[in-house]
Amino acid sequence: DTNSVQYQLLSLLARDHKNVFVVGDADQAIYGWRGADIRNQARLDSEFAIRTLPPAVPAVPLPHGAYESVQALQTAVQAIPLPPLPRSGGGRQLNLELNYRSRQGILDMAMRLLSPAYAADPSAQLRLVTPEATAEDALLELPDEQWVDAPSAAECVQLVQLEDGEHEAEYVVDEILRIRDAALAAHCSHTRAHTRA
């Protein structure tokens with residue numbers, strides 16, 4: 001999400017030492033309104049010879065105590081099995097596939113929606129996973145507060161196409177009211193004293 005001037009500044013600052021650290025998302029470009037150009041990621045990969053190197057680093061959460069101190073975090077990060085830098089120069093790309101913000105059902109749906117963009121090279125698409133899904137795959141133990149009962153993607157996500165912003169706003173408000181009313185009704189009938197049975 002950089003514009004042309006920002007990219008040129010980065011390029012000039014790093015011209016001699018070629019030492020840059022960049023975080024970006026190839027599937028997301030939200031700052032187009034301020035001149036951001038998604039092509040800057042390809043320019044960066046080309047100019048600084050950035051390539052994805054096998055083997056991929058597995059998406060595994062950091063240990064529970066990793067955030068207790070700066071020293072603990074440094075130790076945990078140093079233990080990540082990173083592939084070596086190429087001898088020919090250039091840099092490496094690490095895919096950050098572990099997602100702490102969404103449930104697995106939402107991530108699965110997002111990957112399905114984005115998959116047509118990766119038809120030419122499906123291996124280029126990230127495999128987004130939650131710590132819970134990763135822990136289940138790797139049989140890791142997570143603290144109890146990190147476990148979430150995750151509904152399926154069908155329960156979490158609806159893809160709805162509407163005519164315009166006004167119809168979208170009406171739909172969202174109607175859905176919020178429907179869900180609120182359904183939750184309230186379920187809550188009221190949850191107490192045995194409110195039922196006849």
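This is a predicted model: local features need pLDDT of at least 70, side-chain atom pairs count only at pLDDT 80 or more; totals for chains, interfaces and linings use all residues.
**A walk through the model**

Of its 197 residues, 19% count as buried.

Now for the overall layout. You'll find 7 helices and 2 strands here. If you follow the sequence along, they come in the pattern α-α-β-α-β-α-α-α-α. What about contacts along the chain? Take the contacts with a separation of 6 or more: 65% of them are between residues 24 or more positions apart.

Next, zoom in on one pair of helices. H1 covers residues 4-13, while H2 covers residues 39-47. Their axes come within 11 Å of each other and cross at roughly 15 degrees. Angles under 35 degrees count as roughly parallel, so H1 is roughly parallel to H2. As for the handedness, the crossing of these two helices is right-handed.

Which residues of H1 and H2 make the contact? On the H1 side, look for Ser4, Tyr7, Leu10 and Ser11. From H2 come Asn40, Arg43, Leu44 and Glu47. Sorted by class, the contact has 3 nonpolar, 3 polar and 2 charged residues.

Finally, have a look at the stretch of chain that links this pair. Phe21 sits in the loop between H1 and H2. Is Phe21 buried or exposed? Its relative accessibility is 77%, and the cut-off for exposed is over 50%, so Phe21 counts as exposed.

Note on methods:
Residues are numbered from 1 along each chain as its sequence is written. Side-chain values use heavy atoms; hydrogens and water are left out. Axes are lines fitted to C-alpha atoms, for helices over the stretch in contact, and angles run from 0 to 180 degrees between N-to-C directions. Helices (H or I, at least four residues) and strands (E, at least two) are DSSP runs, numbered from the N terminus. Angles under 35 degrees count as roughly parallel, over 145 as roughly antiparallel, 65 to 115 as roughly perpendicular and the rest as oblique. A crossing is left-handed if the near helix is turned anticlockwise from the far one by less than a right angle, and right-handed if clockwise. Contact means heavy atoms within 4.5 Å. Ala, Val, Leu, Ile, Met, Phe, Trp, Tyr, Cys and Pro count as nonpolar, Asp, Glu, Lys and Arg as charged, and the others, Gly among them, as polar. Buried means under 20% relative accessible area, exposed over 50%, partly exposed in between (1.4 Å probe, protein chains only).
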